[in-house]
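Below are a few friendly notes to read alongside the model.

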Amino acid sequence: MKKVNVFVTVVLVVVAFSFVGVWDVMATGSEKEEEIIFTVAAFEGGYGVEWVHETARLLEEQHPGLKVEVTTDPRIWEKVQPMFVAGNPPDVVAPGWLFDHWGAISEGQLKPLEDYLNTDAIDKDVPWIDTFPDGTFSAATYEGHIYYIPLFPSFYGWWYNKTVWDRHGWTPPKTWDEAFKLFDEMKKAGIGPIANQGKYPMYLTYPYLTEFIARLAGQKKLEACINLEPNSWTDPKVVEAFTFLKHLIDNYFQEGHLGMDHLQSQAEVMVGKAGVVACGSWFPKEQEQVWPEGDVIRAMPLPVFPDSPFPQNVYNKDHDSALLWVIPSATKHEELAVEFLKLLTSEKMAKYTVENTGNPTTYKGSSKWLPDNKFGRAVASCTAYYENAAYTIAKRETLELWYPKVEAALNDNLAKMEEGKATPEEVCAAVQAVVDELREDPNVLKHVFSLK
Amino acid sequence: MNLLGTIGFSAGMQSKQQQRRVLKKTRSPIRVVVFFLAPALIVYLAFVAYPVVKIFRLCLFRWRGITRGTQEFIGFGNFVKLIHDPVFWRAFVNNVVLFLFVVVVSVCVALFFAYIIARRIKGSMFYRATWLFPNMLGDVIVASIWLFIYHPTIGMLNYFLSLIGIDIGATPWLGQSSTALIAVTIPMIWKFAGLYIILFLAAIQEIPQSFLDAARIDGATRWQEFFHVILPLIRPTIAVAIVFLMWNSFSVIFTYVKLLTEGGPYRSTEVLPTYIYQVGFKYHEFGYGSAISVATFIFIFALAALVLRMLMERLMRGEKGF
């Protein structure tokens, strides 16, 4: 009888079992006897994840025998993207801000949702889509199909420390002339007027640049810029917006702002060393650790250009790109995925999420549930002026997500302008060059976007 | 008895059973080595070698990295794009400049303090204790510490400069293109200096005392002793250190740039690793990102080969110090 090579056999068995174990761990949505496993993956960031787990619990309650496996991670796209490649993505996912949403859409990896949105909401006898504010799905739509459910809207404005302002008798300026007078007073008081996240030039585009373009050049010219039209960025009125921004940077931005990141610059306002800082409605939560005494942080809209013929009550508003909920085409449980999303965006869960995160959600009127604490009141001061907005600009959900190379060109050249190494005309020309290149590139998905 | 002796002895045996027993004895050590190497080798092949092979393949395709089967073969199209990409060349030049700066500063600082410690000059115990401390910290922690040191208004650097009469106001070291690249490199040099001090210290301590005594007897000053005796004798160690510094400059630097400047202002601190990451994960061009990775690999491989070849040539020629 041939002697069996015991050593080789042992090694092969060990290797075989280890691979079986690995595949077993990697399998998602697998169905074992009588048990359905439904998988959810979500970005974990400033909004926490308790609301994801609560929605999962509610879904399990409604389906005895169902097990919902929730995976959350600050870099969830690194886990989820290989699963898409393997053809085995989670059943429903919010894949984070570095996930290639539009690449996945163009390759048929994400399910269109408009048919489901036109069915009844889970807790009301109205179409599901009617529980969202108007315009929620503008940026999520391509060729008539809606591809994601946004959850957290971001509002923008100037944030300020009311205690410091009250001490000096300052009030929010309505026009830019009033603002310049106020800034001169701030300089005399030894306070840098405008703090800025200098290391991240994209903060110059929300709210400043896009609102300046809308207010000085009008809605159509801003749409032309977002839609990659020829000569859109080099239009004289658009250049005027850049010129105005440069004037602010050169004369009123805090000394040293170029070397500050977002936390450092925003803290300058919290401790009273700067007058205002432009940021989104995540500002209060993000600055939780350096909150000054009392209930003192408020937001205001940017001042207006009273001589401009265009609407001035236009503001940036978009949805946090880290938490855009999608249903993969390869989901094993499509109906459950839709039900999960309906639960997530129901009135009950919207209230729960707003109260727990201190941020409104995309449920219509959710701001009413903002907690009555210093964070809630701060955020409420930002959402208040949006009620009378003529329209809103979703810069981050459009330009940033659709055309990252335009975004990169804008950031690079704005940084040059900040340091005084480029003029507004040069910045606009550089961005237009990239826009023209992308417009001719057949590999880039082209969107047609309207602000209203 | 050694292996050859065992084989020779076995040649003289008559019984097949005895021959088999001897052969089994000679195969056992190899079998044991393979047994212990196998797990590490499998992990290395699966998680290092295989992805590298895939990258060499992927660089010939256009692919967004979402769907299997959508890779479009474009031959050397990504490399043609690379040649015309100004951001790539900016990152390449930044990385080479950074590498040269890191090598010069790290080697000089490490040699200086290694010499002080080896010669037991006053303060050497203090340097010995403190220089190793940063090396124990993670890269992220080091970068975070220096983020605060560089803060324009409350940072230690501007404050200390003002104390010694250099009042430069709220200089944004990380936010202006003239200083950002050097500013990003200093934390990495600070962290790894201790490691190279130990490396050079060990090399200096290996030098036979008779060499140094002979130099002293011949009237050599400390400078002459350092430049004409110690330095030539530790040249192989310096070559090894340069290869390690190459790894720092083209790989580890990613963490520092990502945390301190994100490649800004306007690409003045963009380096090859951060650009590869951006091309892959922000622009979703995995094929092009792979091409940049391959180009970087070829460059580093050539550079390392050049440094090591110079070392080997000297070894083969039996030059002094080898």
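**Notes on a strand and a helix pair**

1. A:Asn316 has A:Ile393 in β14(A) as its bridge partner. This is part of a parallel pairing, in which three bridges link β12(A) with strand β14 of chain A, residues 391–393. Please keep in mind that we are looking at a predicted model.

2. β12(A) also pairs with strand β8 (residues 153–161) of chain A, this time antiparallel and through three bridges. One of the residues to look at here is A:Pro153, whose bridge partner in β12(A) is A:His319.

3. How many of the residues of strand β12 are buried? Six of the six, residues 314–319 of chain A, so the strand is largely enclosed by the rest of the structure. A:Val314, A:Asn316 and A:Asp318 point one way, while A:Tyr315, A:Lys317 and A:His319 point the other way, and all are buried.

4. Now to the helices. Two packed helices are described by the angle between their axes and the distance between the axes. For helix α10 (residues 236–252) and helix α18 (residues 424–439), both of chain A, the axes come within 9 Å and cross at roughly 130°. Angles from 65 to 115 degrees count as roughly perpendicular and those over 145 as roughly antiparallel, and α10(A) and α18(A) are therefore oblique to each other. Their crossing is right-handed.

5. Which residues meet in this contact? From α10(A) come A:Val238, A:Val239, A:Phe242, A:Thr243 and A:Lys246, and from α18(A) come A:Pro424, A:Glu425, A:Val427 and A:Cys428. The residues of this contact divide into six nonpolar, one polar and two charged.

Definitions and conventions: Residues numbered from 1 in each chain as written. Chains lettered and ligands numbered in written order. Predicted model: local features only at pLDDT ≥ 70, side-chain atom pairs only at ≥ 80, totals over all residues. Buried ≥ 20, exposed ≤ 12 C-beta atoms within 10 Å, placed from the backbone. Helix = DSSP H or I, 4+ residues; strand = E, 2+ residues; numbered from the N terminus. Pairing = 2+ DSSP bridges. Axes fitted to C-alpha atoms, helices over the stretch in contact; angles between N-to-C directions. Parallel < 35°, antiparallel > 145°, perpendicular 65-115°, else oblique. Left-handed = near helix turned anticlockwise from the far one by under 90°. Contact = placed C-beta atoms within 7 Å. Nonpolar A, V, L, I, M, F, W, Y, C, P; charged D, E, K, R; others polar.
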